[in-house]
Amino acid sequence: MEAVRSAIRLLLMVIFLGYMMIWIMMPTNTFFMHWFPEIHSKTNATYFGKQGAYMLIYSFPILVIATLGCLYLHLGNNNGESGREVKDSRFASWKRPVLVKGPLGIVSWIELSFSTMFIALLIWSFASYLHNMFANISQQAAAQGLQVWEAKLEMSGLMLGLVGNICLAFLFFPVSRGSSVLQLFGLTSEGSVKYHIWLGNIAMTLFAIHGFCYIIFWAKTDQISQMLKWEKISVSNMAGEIALLSGIGMWITSLPRIRRKIFELFLYTHYLYILFLVFYVFHVGFSSSCIILPGFYLFLIDRFLRFLQSQQKVRLVSARILPCETVELNFSKSPGLSYNPTSIVFVNVPSISKLQWHPFTITSSSNMDPEKLSVVIKSNGSWSHKLYQKLSLPSPMDRLEVSIEGPYGPASTHFTRYEKLVMVSGGSGITPFISIIRQLLSVANTSSGRTPQVLLVCAFKKSEDLTMLDLILPVSGSTLDISRLQIQIEAHVTREKRSTTNNEKFLRTVWLKPNAADAPVSAILGPRSWLWLGAIISSSFTIFLMLIGILTRYYIYPIDHNSDMIYATTWRSALNMLFVCVSIAMTATAAFFWNKKGHVKEMKQIQNMETPTPVSPDRELESLPHQSFVQATRVHYGERPNLKKILTEKGGSNIGVLVSGPRRMRQQVAKICASGLADNLHFESMSFSW
């Protein structure tokens with residue numbers, strides 16, 4: 001089996017390097033005058049026309065990588081790789097932060113290296129286009145009756161649009177949550193969101209200047225009426241302007257100040273991406289848009305599968321209410337669903353908002369809690385505050401409708417490769433560490449292998465927030481021997497000089513009644529999800545090729561004979577986009593319902609289980625967190641943790657430093673790790689901010 005995976009890995013590397021070579025060669029005369037005409041002449045069949053060459057060059061390689069990647073990950077799961085800790089630390093030093101403050105946030109050496117190469121690709125592409133297009137600009141200007149600077153302005157606008165396409169081609173990969181491409185690179189969608197932000201900013205900058213160059217050119221040459229033209233053949237100016245306005249709307253509302261203060265505005269205006277992409281395709285034609293098709297195609301598959309999963313209501317078994325306005329939601333889970341620590345789910349509560357989906361880190365361990373999935377939600381915003389109010393009423397509701405997307409997370413974890421783990425958290429940032437500690441507890445009790453020493457440094461504003469530490473153990477209790485895990489907890493209460501808790505505040509559990517319509521949380525495509533995803537990608541694209549082949553051969557070709565000069569570009573683009581959606585919907589829906597049948601029996605068994613009787617009394621706040629970790633926990637009042645002292649004085653040759661919390665805390669820890677004060681520190685940020 002390992003030999004098969006090695007062969008697939010080698011093939012994937014060859015295809016990826018060939019794909020990157022295409023991007024490097026694309027702006028050169030060698031590509032446009034020799035390579036592309038030759039490929040086009042061999043693929044210009046009556047079934048696909050000009051778009052056949054574009055799909056073969058730009059779309060096919062990535063879709064093959066995505067499909068083979070699914071097979072590769074599936075074989076890895078069968079070998080137990082996803083549950084095995086990654087021991088290889090050869091590239092650990094490359095993950096050390098190099099940039100801490102600035103518009104890019106925390107950037108590691110490997111991120112800086114790849115970003116530099118990508119910027120170099122953009123500069124190379126722009127310079128090559130510039131050199132080739134300006135070679136005979138004087139003659140072209142004279143032939144069109146233009147001044148040289150006017151012709152250069154028009155060509156510059158075109159070049160900026162072509163370079164912007166490179167950013168757009170990679171824009172959707174980071175936001176495909178269940179993407180096999182991200183997993184192949186060891187990335188998660190949550191950790192890659194910042195790449196989406198970087199690409200979006202660069203793309204919209206280039207497209208905005210691209211549009212303004214043409215507007216200035218038309219104004220100076222008395223052709224302002226060009227803005228209202230929608231050409232039957234080739235480029236449509238008006239469609240491009242609609243796409244640009246949609247993109248600018250998304251761009252403005254995604255600025256950090258607007259996004260953080262008016263998140264709903266950012267969320268809803270971001271749905272303009274549909275308008276942007278549709279009119280982008282109308283603007284350049286479907287053939288040229290094949291450059292960006294693979295990333296968006298994989299995003300569409302992922303988005304439709306998420307839509308199917310979101311329609312199912314999941315069974316909420318219980319909720320633990322903490323006095324610090326925090327709730328732990330405990331869902332019934334399919335025993336076959338496994339996930340790794342730091343995985344997340346997106347939660348929707350229709351009674352609060354039917355459109356809002358909020359990501360939360362899973363705090364349970366699939367090893368320790370085989371039939372339960374838990375998330376912790378602190379009341380920080382309007383949505384979470386309404387949820388807390390609903391569940392903390394004196395007479396709580398019997399049932400709360402909840403939908404879930406996910407879980408999404410890393411394909412594997414690497415926490416046991418360290419001698420020591422230093423976890424630094426602020427406030428609700430402790431939640432990723434709860435799942436890690438539970439996982440390590442399970443490993444320490446079920447495996448003969450060593451687990452690292454754990455130091456949890458957590459900062460809270462008030463003493464009542466200390467109850468967050470009690471969530472380290474599941475609501476059902478645990479028979480695991482906690483002493484097997486070497487753990488020390490340093491809790492800091494920053495805004496109080498002493499404990500202000502009283503006996504009137506309790507941590508209580510609310511048990512919710514089951515409903516026949518609810519189902520346990522399960523993988524959208526079952527235990528063989530990677531294999532099914534690969535089947536969806538390959539079969540849907542095959543169906544798409546068949547549909548456009550039939551359309552072209554028996555309808556479009558008899559009209560224009562592959563000349564692209566008679567049949568309207570807009571209608572061709574609209575039909576191709578429709579076929580993309582139809583092929584994805586057909587295959588994804590079939591795969592979803594096929595797997596859903598396999599869960600019916602399991603769902604009935606879980607739904608018919610009697611609701612546990614809440615016999616255990618409520619526990620008082622003052623007994624926590626010392627109840628479970630009394631010997632391992634020290635509480636410091638009125639002070640912040642001295643992170644520099646903690647990190648530089650820790651002994652050991654291989655220390656993993658995980659940080660989760662406010663941006664300032666993450667930057668502080670990253671700065672210490674990047675300073676070189678301790679070469680044995682390996683930094684990893686567990687929080688990702690939108």
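At what angle do the axes of α14 and helix α17 cross? Keep that in mind while starting elsewhere.

This is a predicted model, in which local features need pLDDT of at least 70 and side-chain atom pairs count only at pLDDT 80 or more, while totals for chains, interfaces and linings use all residues. Residues are numbered from 1 along each chain as its sequence is written, and side-chain values use heavy atoms, without hydrogens and water.

Select Ile291. It sits in the loop between α13 (286-289) and α14 (293-310); helices here are DSSP runs of H or I, at least four residues, numbered from the N terminus. Ile291 counts as buried because its relative accessibility is 10%, buried meaning under 20% relative accessible area with a 1.4 Å probe, protein chains only. Beyond four places in sequence, Ile291 touches Trp23, Tyr58, Asn165 and Ala169, where contact means heavy atoms within 4.5 Å.

Next, select Trp23. Trp23 and Phe170 touch the most other members of the largest nonpolar core, which has 94 residues. Such a core is a set of buried Ala, Val, Leu, Ile, Met, Phe, Trp, Tyr and Cys residues joined through side-chain atoms within 4.5 Å. Helix α3 (residues 50-78) gives this core its largest share, 13 residues.

Now select α14 and helix α17 (residues 529-560). Their axes, lines fitted to C-alpha atoms over the stretch in contact, with angles from 0 to 180 degrees between N-to-C directions, come within 11 Å and cross at roughly 120°. Show Tyr297, Leu298, Ile301 and Leu305 in α14, which meet Leu533, Ile536, Ile537, Ser540 and Phe541 in α17.

Notes
Helix = DSSP H or I, 4+ residues; strand = E, 2+ residues; numbered from the N terminus. Buried < 20%, exposed > 50% of the residue type's maximum accessible area, 1.4 Å probe, protein only.
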